[in-house]
Amino acid sequence: MRWSFTLFRVWGINIDLHLTFLFFFMLVFLLGFNQIVFFVVVFSLVLSHELVHSLVAKLSGVAVPRILLLPIGGLASIELPEDPQLELRVSVAGPLFNFFLAGVFAVVLLVFGLEYLGYGAVMASLLDGGVSVLSPQVFVSLVITLNVILGGFNMLPAFPMDGGRAFRSVLAFWTDYLTATRIAVNVGRVLFLFMVFFGFFVLQNLWWVLIGLFLSLAGGSELRMTALRGRIRGLRAGEVCCRSLSYVNGELVFGEFLERVFSPEVRFYLVADSSGGFLGVLDSDSFDLREVDLGERVSDLVFSGFSVVDESSPVESVLRDFLGGGLVLVSRGGRVSGFVSKECLERFLGGNAV
């Protein structure tokens, strides 16, 4: 994903941080030590929550390439098959972990004879600065409260929250996945609309508004993706790929390319050397034609961020690779025979892909 970078890897999963998070943390840094620790604890719990989801998915044989941390939470890239039982297990794993962790810290309170501070008391301690968030009573109370909130909020039956996914998986035992998704998304839209209005008019809390809007949009995107998967199920890459390949010699300088080869109607060009060796792909949408050095060789502008699949490969298996504007090359007998892009799929389906 653009505007993000990898912090580290856990169990083969990239932990990515969105760049907007850096601006958010800079703002928090100005607030003081208690607030910094508070948000470190919050996002540590968010990351742990997503890692538990991911671990359950990986143990079930599902690939999890990365977890993205955003200022409003975390997002694990889990491509689950349409399996209600598996989705139910993965969905409830994160919230159950939060409730379990809250229980563990509640036992700590009892063992050490500490008094539980409610959310209001904890926040007051953080804001007035009179008590350090690292004091045992405040810290343990904070961890309990945050886990209960995180687990409870995620179990709302509103798609794409964990509870909404669990709700969909239960519905999918009796109906098809598209219908189940549509019901779960519509329930989520009602709850998130309430969240936006309640946050704006009652709490006057911008975070409630932003989170409600974001989750509502995310649910709609998931519904469109589910519908698209239904339309392409059973299709092979060779059926939907574009066959009109445009080649260019990598030895050409960019000025010659613009004069002799470039067409505004063609986005991707396969770049080869003088002996016919494949060098990569030139994406005319990836640069500003007014700023490129006309004396630069075309071979220096190619990108290799594409995948190659056989014509017999299911389109669904590479859907995410090209819907974001990327490219999937299609081969037959070891030679490139076409490519799949969002535009190719839209042309094949006779309308918008998503």
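Q: Before we start, what is a nonpolar core?
A: A nonpolar core is a set of buried Ala, Val, Leu, Ile, Met, Phe, Trp, Tyr and Cys residues that are joined through side-chain atoms within 4.5 Å, and the model to which the term is applied here is a predicted one.

Q: OK, and which residues in the largest core touch the most other members?
A: The largest nonpolar core has 34 residues, and among these I15 and I67 are the ones that touch the most other members.

Q: Which elements supply at least two residues of this core?
A: Two strands, β2 (13-18) and β3 (66-70), each supply at least two residues, and so do the helices α1 (19-29), α2 (33-59), α3 (84-111), α4 (119-128) and α5 (136-154). The largest share of this core comes from α2, which gives 10 residues.

Q: Back to I67, what is it in contact with?
A: If neighbours within four places in sequence are left aside, I67 is in contact with I13, N14, I15 and D16, with L47, E50, L51 and S54, and also with L75 and A76.

Q: And what lies apart from that core?
A: Another core, of 18 residues, lies apart from the largest one, and its members include M225, V315, V328 and V330.

Q: Staying with α2 for a moment, is Q35 buried or exposed?
A: Q35, which lies in helix α2, has a relative accessibility of 13% and therefore counts as buried, the limit being under 20%. Setting aside its neighbours within four places in sequence, Q35 is in contact with V28, L126 and L127.

Q: Switching to aromatics, how many pairs are there?
A: The structure holds 10 aromatic pairs. In one of them, F38 and F39, the ring centres are 5.1 Å apart and the planes stand at 80°, so this pair is edge-to-face.

Q: What about the rings of F200 and F201?
A: Their centres are 4.9 Å apart and their planes are at 85°, so F200 and F201 also make an edge-to-face pair. F201 has 55% relative accessibility and therefore counts as exposed.

Q: Which residues form an aromatic cluster?
A: F254, F257, F262 and Y269 form one aromatic cluster.

Q: Now the surface: which residues form the nonpolar patch?
A: The patch is made up of I72, L193, F197, F200, F201, V202, L203, L206, W207, W208, L210 and F214, which together have about 1,200 Å² of accessible area. The elements that give two or more residues to the patch are α7 (177-203) and α8 (206-232), with α7 giving the most, namely 6 residues.

Q: Where does F214 lie, and why does it count as partly exposed?
A: F214 lies in helix α8, and it counts as partly exposed because its relative accessibility is 38%.

Q: Last one, zooming out: how many helices and strands does the chain have?
A: The chain has 12 helices and 10 strands, and its C-alpha atoms fill a box of roughly 80 × 50 × 40 Å, taken along the principal axes. Of the 354 residues of the chain, 42% count as buried.

Terms used. Residues are numbered from 1 along each chain as its sequence is written. This is a predicted model: local features need pLDDT of at least 70, side-chain atom pairs count only at pLDDT 80 or more; totals for chains, interfaces and linings use all residues. Side-chain values use heavy atoms; hydrogens and water are left out. Patches are made of residues with over 30% relative accessible area and no salt bridge: like charges are joined within 9 Å, nonpolar side chains (Val, Leu, Ile, Met, Phe, Trp, Tyr) within 5 Å. Accessible areas come from the Shrake-Rupley method with a 1.4 Å probe; for residues, only the protein chains shown count as cover. A salt bridge is a side-chain nitrogen of Lys or Arg within 4 Å of a carboxyl oxygen of Asp or Glu. Helices (H or I, at least four residues) and strands (E, at least two) are DSSP runs, numbered from the N terminus. Buried means under 20% relative accessible area, exposed over 50%, partly exposed in between (1.4 Å probe, protein chains only). Contact means heavy atoms within 4.5 Å. Rings of Phe, Tyr and Trp (its six-membered ring) pair if their centres lie within 6.5 Å; planes under 30 degrees apart count as stacked, over 60 as edge-to-face and the rest as tilted.
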